[in-house]
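Take a look at the chain below.

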Amino acid sequence: MIFPRFTIRLSQEGFLFKSLLLIFTFCYLFQLKFLSFEWIPATRLVFLLCTFTVGIKLLYFFKKEIEKNIIFYLIQCSIFLYIISQVILLPTDFGMLSKIIVFLVFTLYMAAAASMYFFDVRHLLKILTVCCSIQAVMVFVSFLVPAYRDWLSTIMVEGGNIPFSDPFRVPGFSPGSGASLALTISAGVFSSMALYWQSEKLKPKLVYLFLSILMSVSCIFVGKLGLFLSLFYILTFFVLSFNNLKHTVFIFFVTVVILFLIYLSLDVDWDAIAYPLQRSFSIFLNGEDSSVGALGEMPIPPLDITTIIGTGLASTPNGLNASGSDIGYIQTYFGFGLIISIFFYASFFVYLVNNIFKLPNSKNKLLCLIFFAPLFIIELKEPFVTKIIYPLILLVLIFLSQKELGIKDA
């Protein structure tokens, strides 16, 4: 007797594949961690799924990738071994080991894995726009509906130092509010404005601009870093669109009218949003910014033999920042050591610049350069290079641009 075989085939053109890609991209972007599955956060789950499905392809990918960028990978492997030696020889807290693993595995490795699932750069931009637009809507929901934040606290692990109960800096559908969430949403603004720039028809341009403004406004209730980056992306792509000035002016005028009509139709409680507005635009209202002032007052560990070789520490026994500073460069310098931290940042900078300028597609090259521009600046705010998302998206953009070249050459 012959039994029928039941198989599930996920076509990349099929609805199931597209739905799963959207869901898992959202989960990874916003690093979801549910209370019922606290043992396997979204980043770990997606890593395992990618390894099981495209692990062999990744071996071939990195074989070619390492051959092209041998010095970068030698330096990164050397840094990893050095951190291992710190763990063995010094009383570390494994924080720096965690940082380098996150960078090598959950950023670099996962960027290569992601490039296997997206068709091209435009496909990535669309998925990012959808994910971040959904998150922006959830930010507004969590600001307007306190009961939602109470419900979220029953299903989601609370991360960061901003509690779900905070009425002014809200989490959307994520483990917590703050600069990291705002930064990820701003990547959605970049994606949406990139699609706006690439589109030639009026209707999609209006849609992408509206989504960009929606995401930008949501950053007011999350973190000012995302708001400023969003404004940077919007202005940059507006400038790039000036070759069609009439089109751009018309779209801007229509958008202003639509926003004004939305404002008239809503009963805005200015008292409720006064604090988020004041916090976000304090540099314009008061001539100074509290975050910049706080960063300027943070201590820099003195240069001595301890900080030259590195302490290997990320936090103190009571959970505080071991370096005493939020600045990414200072934390890395304190943990990795001065010499190793210079090699870490310099090698990554050179690797990115080298690979971006080698891209033959001028539009993709420009997109990568625009997204690359803030990376080593925002490290002055927090250690975003080792916080997965921003460098991950940039690397996926680069890998997909190289993939498009390979498809054309094939």
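Which helix is largely enclosed by the rest of the structure? The helix is α15, residues 328-336: 8 of its 9 residues are buried, so it is largely enclosed by the rest of the structure. Buried means under 20% relative accessible area; exposed means over 50%, and partly exposed lies in between (1.4 Å probe, protein chains only). Helices here are DSSP runs of H or I with at least four residues, strands are runs of E with at least two, and both are numbered from the N terminus.

Before going further, note what kind of model this is. This is a predicted model, in which local features need a pLDDT of at least 70, side-chain atom pairs count only at pLDDT 80 or more, and totals for chains, interfaces and linings use all residues. Residues are numbered from 1 along each chain as its sequence is written, and side-chain values use heavy atoms, with hydrogens and water left out.

Now the overall picture. The protein has 19 helices and 0 strands. Of its 410 residues, 48% are buried. Contact means heavy atoms within 4.5 Å. Among contacts between residues at least 6 apart in sequence, 73% join residues at least 24 apart.

How confident is the prediction? The pLDDT is the predictor's confidence in each residue, from 0 to 100. The protein averages a pLDDT of 87, and 85% of the residues score at least 70. Among the elements, helix α12 (residues 282-285) has the lowest mean pLDDT, 54, while α16 has the highest, 97. Where pLDDT is low, the predicted coordinates should not be read in detail.

Return to α15. Its buried residues include Ile330, Tyr333 and Phe336. The buried residues of α15 pack against α3 (70-89), α4 (95-117), α14 (305-309) and α16. Just after α15, Gly337 takes a positive phi of about 100 degrees.

Next comes α16. At 1.5 Å a residue, its 20 residues should span 28 Å, and its end C-alpha atoms are 28 Å apart, which agrees. The expected span is 1.5 Å times one less than the number of residues. Which residues of α16 are buried? They are Ile340, Ser341, Phe344, Tyr345, Ser347, Phe348, Tyr351, Leu352, Asn355 and Ile356. Seen down the axis of α16, these buried residues fall within an arc of 160 degrees, so they line one face of the helix. That arc is taken from the directions from the helix axis to the C-beta atoms. An α-helix has 3.6 residues a turn, so residues three or four places apart point the same way. The face of α16 turned away from its buried side carries the exposed residues Val350 and Phe357.

Zoom in on Asn355, in α16 (residues 338-357). Asn355 counts as buried because its relative accessibility is 5%. A polar contact is a pair of N or O atoms within 3.5 Å; within protein, one must be able to donate a hydrogen and the other to accept it, and residues adjacent in sequence count only if both atoms are side-chain atoms. Not counting residues up to four places away in sequence, Asn355 touches Asn69, Ile398 and Gln402.

Thr25 sits in another helix, α1 (residues 15-29). With a relative accessible area of 12%, Thr25 is buried. Its side chain reaches the backbone oxygen of Leu21 at 2.6 Å. Leaving aside neighbours within four places in sequence, Thr25 is in contact with Phe118, Ile127 and Cys131.

What about cysteines? A disulfide is a pair of cysteine sulfur atoms within 2.5 Å, and the structure holds 0 of them. Cys27 is in no disulfide; the nearest cysteine sulfur, that of Cys131, is 8.8 Å away. Cys27 counts as buried at 15% relative accessibility, whereas Cys77, at 46%, counts as partly exposed.

Finish with a loop. Pro167 lies between α6 (146-152) and α7 (179-198). At 38% relative accessibility, Pro167 counts as partly exposed. Pro167 touches Phe143 and Arg149, not counting residues up to four places away in sequence.
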